[in-house]
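Subject: A structure for you to explore

Hi there,

Here is the structure I promised to hand over. Please open it beside this email and keep the sequence at hand as you read.

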Amino acid sequence: MNKTVNPKDLTSDGDGPLYAAHKKVYPQSVSGTFRRIKWGLMAICLGVYYFLPFVRWNRGLGAPSQAVLIDLPNSRFYFFFIELWPQEVYYFTGLLIVAAVALFLMNSVGGRIWCGYLCPQTVWTDVFYAVERLIEGDRRERMKKDKSSDPMKLERISEIVLKHSIWLLIAWWTGGAWVLYFNDAPTLVKELVTFQAPMIAYIWIGILTATTYVLAGFMREQVCTYMCPWPRIQAALTDEWALNVTYRYDRGEKRTSVKKAAELRALGQQVGDCVDCYQCVAVCPTGIDIRNGPQLECIQCGLCIDACDNVMTKIGRPKRLIGYDNDINIQRRQDGKAPVYKIVRARTVVYSAIIAAVGGFMIYTLATRSLLDVNVLHDRNPVAVKLSDGSIRNAYTVRLLNKSGYDRVIAIDAEGPVNLTMHVVGADSVTPDRPMIVIPRDSTSELRLLVTAPAENNPDKSIPVRFHVMDIGLGVAATATDNFVAP
């Protein structure tokens with residue numbers, strides 16, 4: 001008979017539970033090179049995200065003036081001087097390929113530098129940590145307050161309320177900035193403030209506010225450790241030459257205190273530079289000890305490097321006991337050889353070539369694309385009609401795309417049956433055999449086109465027919481091919 005077992009009662013070889021309880025991480029503030037890099041990148045990323053919707057770009061009368069806009073009602077994507085239509089979705093495919101390979105390239109050069117410096121989870125968590133330190137103090141103060149025997153003091157309650165209020169304000173601003181990319185930002189802000197915005201805008205702001213508040217305020221390093229798939233994928237893509245945040249044990253061991261190390265060196269004994277101060281652990285946003293070697297939780301942010309450098313400076317030892325390195329160089333130093341860094345190697349060259357090829361192809365096609373396009377679809381029922389005078393008529397649906405910011409006068413020509421004639425249903429033209437149609441700017445026009453072949457020299461089988469459309473003012477042309485079918 002089956003018996004229900006409490007998972008907490010399960011043990012592995014009698015050594016303890018199968019899973020570890022979550023321990024809150026209290027990262028300590030640190031100053032140094034990598035911390036400054038993170039502050040700079042965070043300011044750039046947040047500045048672009050929050051303020052880009054308010055940047056203006058003049059596209060002419062009647063066109064949206066927002067520099068970056070995802071116009072879902074009109075099926076357009078605007079990025080400064082670039083305007084993409086639904087038919088050009090392959091550009092987004094190219095961007096995804098470039099982004100993915102760029103991630104692989106970063107990994108092959110510097111490990112998880114995306115995670116440590118540019119990942120949205122890292123950026124917003126850093127912001128939330130900064131608010132927390134500003135209000136509650138640094139690592140020791142926060143730990144002391146959380147373990148206080150009297151957590152309900154008015155001062156403590158006011159700190160918690162203020163901290164969470166600012167967190168919610170940042171999270172709300174994050175959600176609000178996202179929806180501004182889908183409508184004119186100043187207009188939507190006014191509508192949001194006056195409660196006249198569409199309900200879907202409030203719903204998405206609420207969703208993104210909640211996710212930002214929870215992920216950056218509470219889950220933090222757990223997102224990187226348990227939810228994100230990249231640490232698992234990254235491990236399969238790295239190689240022995242990739243530079244990762246590494247404890248240089250060839251120099252750090254054996255560990256001892258500053259005083260003991262001085263005594264041993266005075267006696268001529270070998271001793272490492274690591275003084276076991278645990279500063280690298282105190283500043284780590286995921287709470288790991290980098291001296292234990294490569295770990296899934298490490299996001300390669302480099303803060304432990306700054307912390308260790310500060311300690312080494314104080315005790316008069318060389319910096320970079322922890323640094324971006326690999327096991328090959330550690331072994332070379334142990335063998336008395338100089339370290340070797342292979343940033344340029346087959347893997348990085350291939351990744352760079354793919355990025356250059358895909359990016360170059362996208363730029364070329366974007367620069368040479370036509371702002372006039374035509375698509376032709378043959379009627380299916382009936383495919384052809386024989387008229388009383390013996391001539392044969394085929395009908396086509398012609399879709400004309402004018403991607404420019406001005407109206408076009410389009411002339412339509414066709415090549416196929418001998419002496420064919422064309423007629424646009426519902427449109428009159430001064431040149432019946434060469435219809436001329438006005439297409440409004442930034443729009444699609446659909447026409448029904450009748451093509452008639454005279455009785456003389458009628459085709460007795462299907463032959464290709466080629467349609468040419470030309471802007472008679474600028475000479476810009478587009479072509480589409482279909483079949484002229486005999487009955």
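First, some ground rules. This is a predicted model, in which local features need pLDDT of at least 70 and side-chain atom pairs count only at pLDDT 80 or more, while totals for chains, interfaces and linings use all residues. Residues are numbered from 1 along each chain as its sequence is written, and side-chain values use heavy atoms, with hydrogens and water left out.

**Pocket and cavities**

Rolling a probe the size of a water molecule over the atoms shows where empty space is left. The search runs on a 1 Å grid over the protein atoms alone: a cavity is a set of points where a 1.4 Å probe fits but cannot get out, and a pocket is an open set with protein on both sides within 12 Å along at least five of seven lines. Lining residues have an atom within 4 Å of a point. Grid points are joined across faces, edges and corners, and a volume is the space filled by probe spheres set on the points. Helices (H or I, at least four residues) and strands (E, at least two) are DSSP runs, numbered from the N terminus.

The largest pocket has a volume of about 1,100 Å³. Its lining holds 26 residues, and Tyr-49, Trp-114, Pro-120, Trp-124 and Trp-178 lie nearest the centre. Elements that give two or more residues to this lining include α1 (33-51), α6 (154-179) and α8 (199-219). The largest share, 5 residues, comes from α8. For the classes, Ala, Val, Leu, Ile, Met, Phe, Trp, Tyr, Cys and Pro count as nonpolar, Asp, Glu, Lys and Arg as charged, and the others, Gly among them, as polar. By that scheme the pocket lining has 21 nonpolar, 5 polar and no charged residues.

The structure also holds 5 cavities of 30 Å³ or more. The largest cavity has a volume of about 120 Å³. Thr-122, Thr-125, Tyr-129, Pro-285 and Ile-299 lie nearest its centre, among 13 lining residues. Two or more of the lining residues come from each of α4 (120-136) and α9 (221-227), and α4 gives the most, with 5 residues. The lining of the largest cavity is made of 5 nonpolar, 4 polar and 4 charged residues.

The second largest cavity contains about 100 Å³ of space. It is lined by 14 residues, with Cys-274, Cys-277, Cys-280, Cys-308 and Leu-321 closest to its centre. Here α14 gives the largest share, 3 residues. The lining of the second largest cavity has 11 nonpolar, 1 polar and 2 charged residues.

Two strands pair if DSSP finds at least two bridges between them. An open sheet of 4 strands has the order β11-β9-β13-β14, with antiparallel pairing. Its edge strands are β11 (436-439) and β14, each of which pairs on one side only.

Strands β13 (residues 463-471) and β14 (residues 477-484) pair over 8 bridges, and His-468 stands opposite Thr-479 in β14. These two strands form a hairpin with 5 residues between them, where Gly-475 in the turn has a positive phi of about 80 degrees.

**Backbone details**

Most residues other than glycine have a negative phi, and most peptide bonds are trans. Which residues are joined by a cis peptide bond with omega of about 5 degrees? They are Glu-253 and Lys-254, and Lys-254 is found in the loop between α11 (249-252) and α12 (258-266). Another cis peptide bond joins Asn-381 and Pro-382, with omega of about -5 degrees. Pro-382 sits in the loop between β6 (372-378) and β7 (385-386).

Phe-80 is not a glycine, yet it has a positive phi of about 55 degrees. You will find Phe-80 in the loop between β2 and β3 (82-84). Phe-80 counts as partly exposed because its relative accessibility is 21%; buried means under 20% relative accessible area, exposed over 50%, and partly exposed in between (1.4 Å probe, protein chains only).

Enjoy exploring, and write back with any questions!
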